[in-house]
Amino acid sequence: MAKTTKIHANVRIAPKINDRFYSFEYGEERTVDENDNLEQERLDLFDTCYNEVANQINETIKNS
């Protein structure tokens, strides 16, 4: 039986857009198999979270 590991990443960015401060945050948890490349899984998870926050910021800028 394969051992599983949970990894979690959270990204929070608080930019100033048009003289207003905003706070954007996204977190996600994944279950990975012990046979997975854990370092690569962590990097991929962080990228997913960062990109989600970047999309939120871009949408706010677009709608401002």
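Student: What makes tyrosine 50 count as buried, partly exposed or exposed?

Tutor: Keep in mind that this is a predicted model. Tyrosine 50 has 39% relative accessibility. Buried needs under 20% and exposed needs over 50%, so tyrosine 50 is partly exposed.

Student: And what about phenylalanine 46, which label does its relative accessibility give?

Tutor: Phenylalanine 46 comes out at 41%, so it counts as partly exposed too.

Student: How many aromatic pairs are there by the ring rule?

Tutor: Two aromatic pairs. One of them joins tyrosine 22 and phenylalanine 24, with ring centres 5.9 Å apart and planes at 20°. The centres have to lie within 6.5 Å and the planes under 30 degrees apart to be stacked, so this pair is stacked.

Student: Why are the rings of phenylalanine 46 and tyrosine 50 called stacked?

Tutor: Their centres are 6.3 Å apart and their planes sit at 25°, so this pair is stacked as well. Both residues belong to helix H1 (residues 38-62), four residues apart, which puts about one helical turn between them. An α-helix has 3.6 residues a turn, so residues three or four places apart point the same way.

Student: What makes up the largest nonpolar core?

Tutor: There are 10 residues in that core, among them Ile7, Ala9, Phe24, Leu45 and Cys49. Strand E1 (4-13), strand E4 (24-33) and H1 each give two or more residues to this core. H1 gives the most, with four residues.

Student: Which residues of H1 are buried?

Tutor: Leu45, Cys49, Val53, Ile57 and Thr60.

Student: And what does alanine 9 touch, leaving out residues up to four places away in sequence?

Tutor: Alanine 9 touches Tyr26, Gly27 and Glu28, plus Leu45, Phe46 and Cys49.

Student: How do you know that the length of H1 agrees with what a helix should span?

Tutor: With 25 residues at 1.5 Å a residue, H1 should span 36 Å, and its end C-alpha atoms are 36 Å apart, so the two agree.

Student: What sits at the start of H1?

Tutor: There, a side-chain oxygen of asparagine 37 comes within 3.2 Å of the backbone nitrogen of glutamate 39. A polar contact needs a pair of N or O atoms within 3.5 Å. Glutamate 39 itself lies in helix H1. With a relative accessible area of 46%, glutamate 39 is partly exposed.

Student: Zooming out, what elements does the protein chain have?

Tutor: One helix and four strands, in the order β-β-β-β-α along the sequence.

Student: Why is the protein chain called more spread out than a compact globule?

Tutor: Its radius of gyration is 15 Å, whereas the globule rule gives 11 Å for 64 residues; the value is well over that, so the chain is more spread out than a compact globule. Along its principal axes, the C-alpha trace spans about 55 × 15 × 15 Å.

Student: What share of the 64 residues counts as buried?

Tutor: The share is 20%. As for contacts between residues at least 6 apart in sequence, 54% join residues at least 24 apart.

Conventions
Residues numbered from 1 in each chain as written. Predicted model: local features only at pLDDT ≥ 70, side-chain atom pairs only at ≥ 80, totals over all residues. Heavy atoms only, no water. Phe/Tyr/Trp six-rings, centres within 6.5 Å; stacked < 30°, edge-to-face > 60°. Buried < 20%, exposed > 50% of the residue type's maximum accessible area, 1.4 Å probe, protein only. Core = buried A, V, L, I, M, F, W, Y, C linked by side-chain atoms within 4.5 Å. Contact = heavy atoms within 4.5 Å. Expected span 1.5 Å × (residues − 1). Polar contact = N/O pair within 3.5 Å; in protein donor to acceptor, adjacent residues only side chain to side chain. Rg over C-alpha atoms; globule rule 2.2 N^0.38 Å.
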